Amino acid sequence: MKASDSTPTTSLLPLTTAWLALVALTLISLGLGQWFHGAPWLPLLVAAIVWIKGTLVAREFIESRLTHPFISRVLTGFIAFTPIALVLTAFFGGQFARWATL
Amino acid sequence: MNAAALPVDYPSSPAPAGRRIPGNKGMWVGITCEFVEFLVLFITYFVARSHFPESFEQGADRLSRISGTVITLLMVTSSFFIACSVATMRAGQRQRSIYWLIAGLIVALGYPVAKYLEINWNLAHGINGESGIFFTVYYYLTFNHLVHATWGILGMLWVLVRHLSGGYTVEDHDGLEALASYWHATDIIWLVIFPFFYVLA
């Protein structure tokens, strides 16, 4: 394991790279909503982008790879929830609505 | 519980690799509660969306996508600046750390301004909390996030005052890192909210 993998960063390079990726993914998301309006596979792509962006912030800004396992699991679980829910409701929305009816 | 049962955490004590607590435990209790609160709101979103798919497909077209994108860019940029503030503090560059923190605060202040302009735009286009289920969920979730972001901005002001008065050192800057952790978590929440209302149609 490299030292940079086990100690908190003092370099701005990985932070800058992550920020540029976040900006690019945000602009791509904006275009997706307009170019592929109503496409059935749009939720899949959006789910992937949400997961990548959340993971980038957790890994590069919070440095979740160095954190206590509880914190790491909380971040992983929270970031994974929405992409999974987006995919499930995209394909099983009607069934989910029936389950969620009072 | 007696004192012997309470583990004492010294701020400068090095944590073993893979066991770090960025900031302090109290902040991570707060962040975990924040995540749980928003998970409940996200479930509400998915229940409403599955019951009224047409309203949610049409709703995003009526909102200002530019506003949502601007807020997202403000959040990720502010989060980046705060992360730079922590990294430069670790490197012993206190003055640069303060500049990054000020930059993060200024960019973060753009969020409530952008939200104010967005709400004015909405009202001018006849969109309010009673315009339908999509907009009710939209206002509830985004206002809730704005409240959490406001706490973060107030936290930045407090941390800035402490930083300017020499409250942080290379060995002990847990307060700065706790604030950074909260702001990054609030950023992650917005990155989830953004496609809910501005991308998916």
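Biologist: What pLDDT does chain B average, and what share of the residues score at least 70?

Modeller: pLDDT is the predictor's confidence in each residue, from 0 to 100. Chain B averages 90, and 91% of the residues score at least 70. Over residues 1–13 of chain B the pLDDT is below 50, and this stretch has five contacts in the model beyond near neighbours in sequence; two residues are in contact if their C-beta atoms, placed from the backbone, lie within 7 Å. The model scores ipTM 0.90 and pTM 0.90. This is a predicted model, in which local features need pLDDT of at least 70 and side-chain atom pairs count only at pLDDT 80 or more, while totals for chains, interfaces and linings use all residues. Residues are numbered from 1 along each chain as its sequence is written, and chains are lettered from A and ligands numbered from 1 in the order in which they are written.

Biologist: How many helices and strands does chain A have?

Modeller: Helices (H or I, at least four residues) and strands (E, at least two) are DSSP runs, numbered from the N terminus. Chain A has four helices and zero strands, in the pattern α-α-α-α along the sequence.

Biologist: What radius of gyration does chain A have, against that of a compact globule of 102 residues?

Modeller: The radius is taken over C-alpha atoms, and the globule rule is 2.2 Å times the number of residues to the power 0.38. The rule gives a value near 13 Å, but chain A has 17 Å. Its C-alpha atoms fill a box of roughly 50 × 35 × 20 Å along the principal axes.

Biologist: Why does Ile71(A) count as buried?

Modeller: A residue is buried if 20 or more other C-beta atoms lie within 10 Å of its own, exposed if 12 or fewer, and partly exposed in between, with C-beta atoms placed from the backbone. Ile71(A) counts as buried because it has 22 C-beta neighbours inside 10 Å. This residue is found in helix α4 (residues 69–99) of chain A. Leaving aside neighbours within four places in sequence, Ile71(A) is in contact with Ser64(A), Ile21(B) and Trp28(B).

Biologist: How many residues of chain B are in contact with chain A?

Modeller: The size of an interface is often given as the accessible area lost when the parts come together. Here the description is by contacts: 43 residues of chain B touch 43 residues of chain A. On the chain B side, α1 (25–51), α2 (53–62), α3 (65–90) and α6 (174–199) each give two or more residues. The largest share, twelve residues, comes from α3(B).
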